[in-house]
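Subject: Structure for you to look at

Hello,

Here is the structure I said I would pass on. Please open it and keep it beside you while you read the notes that follow.

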Amino acid sequence: MKILDGKATGAKVKDEVKERASALKNAGIEPALAVILVGSDKASQTYVAAKQKACEASGIRSVMHKLPQTTSQNELLALINVLNLDDSIDGILVQLPLPAHIDTTSILEAIWPQKDVDGFHAENVGKLVSGLDGFVPCTPLGIMRILKEYGIDVAGLNAVVIGRSNIVGKPMASLLLNASATVTITHSKTRNLKQICSTADLIVAAIGRPNFVTADMVKEGAIVIDVGINRLDDGRLVGDVDFETVAPKSSFITPVPGGVGPMTIAMLLSNTIRSAQNRAKNLGIVKE
């Protein structure tokens with residue numbers, strides 16, 4: 001069994017981002033990410049603070065917009081429009097979840113696809129499904145980077161994705177399919193889930209249930225990617241995979257914490273730099 005170290009891989013990505021940001025600044029382009037936080041959800045505040053810190057450390061300008069819980073949908077749309085039109089902003093991120101009175105889909109669709117560094121806009125989703133070049137959601141993109149870092153070629157592998165969310169499950173399945181894996185998507189209504197998982201060469205668990213994947217669901221030598229982050233009553237953080245029993249059967253496995261989690265912010269920075277490079281190309285400042 002070998003640990004897939006997302007912390008080390010994420011640090012490598014951040015170093016690459018910092019180098020690219022420096023080159024862009026020398027060419028007259030300052031990469032910038034605008035983050036919008038509506039309300040005072042504590043978890044969201046923590047995530048946003050981590051993103052701000054990562055931006056600053058990587059040479060990306062962080063533009064923070066903290067809005068009250070009472071912000072209307074039209075007010076939020078107006079701000080997004082301003083940021084869309086601001087040529088100095090490369091990426092726009094709206095921290096989820098939004099308050100109940102705001103329609104999340106309408107907000108995400110309002111962000112211009114070329115600034116949608118979260119990869120949630122329907123145009124970018126369509127490009128991903130079609131195998132075209134666009135922005136990809138950060139968590140599944142980070143998983144593909146970890147696999148690449150450890151020399152794992154998914155072509156021909158029987159891959160099972162547990163979970164069908166728009167943020168992880170569906171884009172993860174598309175990325176694996178684009179990389180020539182044979183992909184099965186499973187979810188809460190799937191029959192014979194244990195049997196399906198037990199045939200998988202690669203399992204990606206993104207269901208949001210602590211220790212859901214157990215040893216009897218995993219075949220010897222499988223690659224196991226744990227996307228879950230769950231806090232137990234005793235305060236411990238665990239994933240969707242029962243690490244202690246599954247790890248001995250795995251050829252590769254991601255830990256929680258320190259696996260997939262650090263890659264999400266790292267790939268957000270990478271997407272932002274990519275957008276800034278596109279801006280530089282459009283201005284004729286750089287060719288590549």
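The side chains of K127 and E123 form a salt bridge, with 3.7 Å from N to O. A salt bridge here is a side-chain nitrogen of Lys or Arg within 4 Å of a carboxyl oxygen of Asp or Glu. The two residues sit 4 residues apart in helix 5, so about one helical turn separates them. Helices (H or I, at least four residues) and strands (E, at least two) are DSSP runs, numbered from the N terminus. K127 is partly exposed, at 27% relative accessible area, and E123 is partly exposed too, at 39%. For these words, buried means under 20% relative accessible area, exposed means over 50%, and partly exposed lies in between (1.4 Å probe, protein chains only).

Before going further, note that this is a predicted model, in which local features need pLDDT of at least 70 and side-chain atom pairs count only at pLDDT 80 or more, while totals for chains, interfaces and linings use all residues. Residues are numbered from 1 along each chain as its sequence is written, and side-chain values use heavy atoms, with hydrogens and water left out.

Other salt bridges

The search of the whole structure gives 10 salt bridges. One of them joins the side chains of D90 and R279, at 2.6 Å from N to O. This pair links distant parts of the chain, 189 residues apart: D90 is in the loop between helix 3 (73-85) and strand 4, and R279 is in helix 10. D90 counts as buried because its relative accessibility is 1%, and R279 counts as buried at 17%.

D133 and R274 form another salt bridge, and their closest N and O atoms are 2.6 Å apart. D133 lies in the loop between helix 5 and helix 6 while R274 is in helix 10, so the pair ties together parts 141 residues apart in sequence. D133 counts as exposed, at 61% relative accessibility, whereas R274 is partly exposed, at 23%. There is also a network of salt bridges that links K12, E16, R145 and E149.

A charge without a partner

D116 is in the loop between helix 4 (104-110) and helix 5 (122-129). D116 is buried but has no salt bridge, and the nearest side chain of opposite charge is that of K127, 9.6 Å away. For charge, Lys and Arg count as positive and Asp and Glu as negative; His and the chain ends are not counted. Leaving out residues up to four places away in sequence, D116 touches I111, H121, N124 and F135. Contact means heavy atoms within 4.5 Å.

The cores

Which residues touch the most other members of the largest nonpolar core? They are L176, V204 and I225, in a core of 51 residues. Helix 10 (residues 261-282) supplies the largest share of this core, with 9 residues. A second, separate core has 17 residues, including I162, C197, V218 and A247. A nonpolar core is a set of buried Ala, Val, Leu, Ile, Met, Phe, Trp, Tyr and Cys residues joined through side-chain atoms within 4.5 Å.

Helix 7

In helix 7 (residues 169-178), 7 of the 10 residues are buried, so the helix is largely enclosed by the rest of the structure. The buried residues are G169, P171, M172, A173, S174, L175 and L176. They pack against helix 5, helix 6, strand 5 (158-162), strand 6 (182-186) and strand 7 (202-205). Just after helix 7, S180 has a positive phi of about 75°.

The largest pocket

The largest pocket has a volume of about 1500 Å³. On a 1 Å grid over the protein atoms alone, a pocket is an open set of points where a 1.4 Å probe fits, with protein on both sides within 12 Å along at least five of seven lines; lining residues have an atom within 4 Å of a point. Grid points are joined across faces, edges and corners, and the volume is the space filled by probe spheres set on the points. The lining has 45 residues, of which Y47, T139, I229, G261 and T264 lie nearest the centre of the pocket. Helix 2 gives the most to this lining, with 7 residues.

Regards
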